[in-house]
Amino acid sequence: MPRTNGGIIGRVNRTSFGKCTVTAKTSSGNLCTQSGTRLVDVVIVAGGGSGARVTGGGGAGGALLSLNNPVLGSTQYPITVGGGGAAVTSDNNRGNSGNNSVFANPTSPQTAIAGGGGGRNCQGTPGEGPGLAGGSGGGGGGRGCAGSAGAGGAGTSCQGNAGGAGNPASSRGSGGGGGGACAAGADGSNPTGGAGGAGKDFSPIFSTAPNCGVYAGGGGGGGVCAGSPAEGGAGGTGGGGGGEGTNRSSAVAGTANTGGGGGGTGAGTPQN
């Protein structure tokens, strides 16, 4: 359930002399191109969504790869790095979506879409069971005592994937995993939350990028059954936080500066 933290923009400056420089930006501000730069390749990662309390995992921030963007040399370009969705602190609340990241090139603006928040189980506010749509969608909330399980939120084409659905078991329905840049989140099972979707490895393009070049993994769903925290779904590779099973305090936030989604929490008994 804790929120994820930020996105990251990597940039290759292709100069007229055939040389390349990789620049990473993890906070909002301006980036200045080299004097000979005319084209840049960028990967832009938005902030991931937070997991629900209780049960869906947060979706990863959208991971957008855009090649051969025309730019001017020695020019400042505004960059917005989106933060992760705020952590949810009250029981039975849906997770919060993250924030968009933007490369504000006037001739070719690029926006990575924020990850969707995880859906909560049926005991909270009506209509909040499904995960929220985003760059990658949040996982759906489990059924709980009544009603129906939530569907996973939709992802954005070329940026991410859908979250997994919550489990429909009465009183033991676990949450779906948040979607990741390379794979959808897994559906919740009984009693284990769904795993977050895998992130994408950009190291073949940006070989010196931080965090091993893997970004935008989905958060694991929370497990809703009396048992151990191991019932939470695993976070997706690329910064996704793991979910937890029962104590509602050990779900993991997404890794800073990866766009990973936050893990969902579980509960020993259904919440009222």
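Trainee: Let me start with Asn68: how exposed is Asn68?

Mentor: Good place to begin, and keep in mind that this is a predicted model. Relative accessible area sorts residues into buried, partly exposed and exposed. Asn68 has 48% relative accessibility, so it counts as partly exposed, since the exposed class begins over 50%.

Trainee: Which value does phi take in Asn257?

Mentor: Asn257 is also a residue other than glycine, and its phi is positive, near 65°. Asn257 lies in the segment after strand 10 (214-215). With 24% relative accessibility, Asn257 is partly exposed.

Trainee: Now peptide bonds. Which residues does the cis peptide bond join?

Mentor: Omega is the angle to read here. The cis bond joins Arg53 and Val54, with omega about 25°. You will find Val54 in the loop between strand 4 (39-45) and strand 5 (63-70).

Trainee: How many salt bridges does a search of the whole structure find?

Mentor: The general idea first: side chains of opposite charge can pair when their charged atoms come close. Here the search of the whole structure finds 1 salt bridge. Glu128 pairs with Arg120, and their closest N and O atoms are 4.0 Å apart.

Trainee: Is Arg120 buried or exposed?

Mentor: Arg120 has a relative accessible area of 2%, so it is buried; the cut-off for that class is under 20%.

Trainee: What about the cysteines: how many disulfides are there?

Mentor: A disulfide is judged by the distance between two cysteine sulfur atoms. The count for this model is 0 disulfides. Cys158 is exposed, at 71% relative accessibility, while Cys182 is partly exposed, at 46%.

Trainee: And the overall picture: how many helices and strands does the protein have?

Mentor: There are 0 helices and 10 strands, giving the pattern β-β-β-β-β-β-β-β-β-β along the sequence. Of the 272 residues, 54% are buried. Among contacts with a separation of 6 or more, 56% come from residues 24 or more positions apart.

Definitions and conventions: Residues numbered from 1 in each chain as written. Predicted model: local features only at pLDDT ≥ 70, side-chain atom pairs only at ≥ 80, totals over all residues. Heavy atoms only, no water. Salt bridge = Lys/Arg side-chain N within 4 Å of Asp/Glu carboxyl O. Buried < 20%, exposed > 50% of the residue type's maximum accessible area, 1.4 Å probe, protein only. Helix = DSSP H or I, 4+ residues; strand = E, 2+ residues; numbered from the N terminus. Disulfide = S-S within 2.5 Å. Contact = heavy atoms within 4.5 Å.
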